[in-house]
Amino acid sequence: MAPLPDPDGCRSLDALAATLRALKSWAGDPTFDTITARVNERLPSTGRGTIADCFRDGRRRINADLVLAVVAALHDDADYLARWRRAIRVTLAEKQAAAQVRVLAGLPDEADPFVGREPHLAALDRATGVCVITGMAGVGKTRLAVHAGHRRTQGTSLFVDLRGFHPDEAQPPADPAAVLDGFLRALGVSGRQIPHDLAARSALFREQLAGRQALVILDNAADEDQVRPLLCPDALTVVTSRRDLADLLPTTRIDLDVFSPAEAAQLLGNDTSDALERVARRCGYLPLALTIVAGQMAATPSWTVADHADRLDERHRNYHLDDGVQLALHLSDQRLPPARRTLLRRLAGHPGQDFDAYAAAAVLDADLGATEEHLRRLTAEHLVQQPVPGRFVLHDLVRAYAVERATDDERPTDRRAAQTRLYDLYLYAASAAMDALHPAERHRRPTLPPNDVLKPDLDDPKAALHWLDTERSTLVAVCLAAPSHAVPLAATIYTYLDNGGYPAEAITVHTAARNAAVATGDPAGEAGALINLGVVYWQLGRNAEARDRMSESLTLFRRLGDARGEARALGNLGVVYNAFGDHTASAEHHTQALAKFVEIGDRVGEANTLTNLGDVYLRMNRLSEAADHHRRALDLFRALNHRGGEATALTNLGDADTRLGNLTEALDSLDRAVAIFGELGERYGQTCALNGRAEALAAMGRPEEAVTTFRLALGLARLIDDPAEQSRARTALTTLGAPPVDDPPT
């Protein structure tokens, strides 16, 4: 038989719980129901949940008599029980410390003037019953509770620091029984009249406060269990905590955030200088950090506010935090379960501004349900913020602290693996989203190796577009942060950025992809990035740069023997030459591209080139040929179920029919194009279609509708920074005698 587990070496509650679990296994692993039945013979009315808690890690308090009863239920031997009593006495030095608590028969003095928080103070002025004030460490929960108490109470006041998150392990969370002992004595109850049982003390406390105008402040609570015995229905009880304490069902709840800029300025001296705003911003508007800095400013009168701002900037760049801030964050961090602590550290390495549960699951390498619970708890403890449902952020100070801790506490290989999983998530989810939005172009995007990354369901085009819109800034950040992922990710989201009208983002990601390709000796990746950059430059009217980038890509593609890349480069050069007004050169390049696409069987490339060539013919006044090419392209796009291509062909066909005088047909095509582009979220295409629709309306003798539509097109063209479509709308509006609203009349 296995040796009997020895409790003598235990020096912590977790160690006691582990030894108790080992004893349960040694005893044949009886069920909790069996243990409860045996224990109830010694300690009546003990519930199953309480028994189970004896075996659980993370306990702040234990019932020594109950633990001994459980031990006896598993191995009822006098000598063995004596060893457990000795181990518990040593281990429960913590429990003895918990019994040492000082309560105040009144409220703490306010040493410093109180700043801001007017809406919260108003809520506290009206509060009754139980009020819970939650917030991250250092946000000013205690100051708010005490100041509000001074404003409203003229009766009995009691205050206690429950030490829920004290940094010194020798000062554990206060025992509620000890708190009640102090409260009862403060209320005039003699020591001899105070019962030993927690429930009896709680009942006497409620009896003593009955009918009084009383305020009780329970500061820095660890959890609901610590607070419940201290609640009294006849008193206003204000509880502060870093946890949400939702199970208390408070009648008033205040989730305290950092200071507003105005409150921060008031705390720092009502200065409105830029330097002071820098100080406040670097402190994250956190009252604790601001108070520390204000004290430092007062202690160094020879320093200017700008000197302090510069010092904070330097510390920020190097992830160094003032001791007070670091301590405040450490208090919350050190009591997190290991998985949650790891998650917080790894989330600090997220390159974006915010993230969702899938990103958190990726860095933690955990399932979604467990990760969502971790996020819920981190949010409740104000280490993570949730500005909108489903999206999470880290405060700058929390992020900086977590980065520093991750560097110290985690192996670099583990951090790199977490980052790789995160980058894979965005790459594979983006690929899935693009497949849903543009299935016909799947062959033009990078082929990714199999990967079992957990990602959202993006099969529905609307969900796919929503995800891309939500994560756009993060996708850009990943391209910048991860050279290993920049080339495939930039190529994957090319069409989304191109058609969506996000030129600044597109330049960033394709430049990052080009740099990564050059650094790794990837000429194919470089050629793809160059051509994508060229398209963005063309959209911005930077045609010379567009031609140069596309010519470089054409040279690379030919050197690589990449026929599809060569055809794409030729076609895009045709578009640029069309913008230059060199329609002959444009038609020649498109014709060469068309032949290559047909040769390799790329029907998407063939359709794109047909509609581009039709646009050239339109500009060359070869109207019938233009309309014919657009109809051929439209048939191909529809056969391919290529919605974006269909809308482009409809737009160009509408323009050709307007020129041919087929105005009803033109308006019908353009209306359908506007609708499709709207569904796809392709703002550049929608701008072109709106301008075309307005031209058709003007040709039909409907000037008022034309003016309205041109103005819509102009607004969208401004939004996507497209100079050609802006000029097109402005010129037409001037011709119609209706200058743009932002232009002075002439």
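How many helices and strands does the chain have?

1. The chain has 36 helices and 8 strands, counted as DSSP runs (H or I of at least four residues for helices, E of at least two for strands) and numbered from the N terminus. This is a predicted model, in which local features need pLDDT of at least 70 and side-chain atom pairs pLDDT 80 or more, while totals for chains, interfaces and linings use all residues. Residues are numbered from 1 along each chain as its sequence is written, and side-chain values use heavy atoms, without hydrogens and water.

2. The C-alpha trace spans about 105 × 70 × 55 Å along its principal axes. Of the 746 residues, 53% count as buried, meaning under 20% relative accessible area with a 1.4 Å probe, protein chains only.

3. Leaving aside residues up to four places away in sequence, Ile133 touches residues including Leu124, Val238 and Ile254; contact here means heavy atoms within 4.5 Å.

4. Helix H17 (residues 338-347) and helix H19 (residues 368-380) have axes, fitted to C-alpha atoms over the stretch in contact, that come within 10 Å and cross at roughly 80°. On the H17 side the contact is made by Ala339, Arg340, Leu343 and Leu347, and on the H19 side by His374, Leu375, Arg377 and Leu378.

Notes. Axes are lines fitted to C-alpha atoms, for helices over the stretch in contact, and angles run from 0 to 180 degrees between N-to-C directions. Buried means under 20% relative accessible area, exposed over 50%, partly exposed in between (1.4 Å probe, protein chains only).
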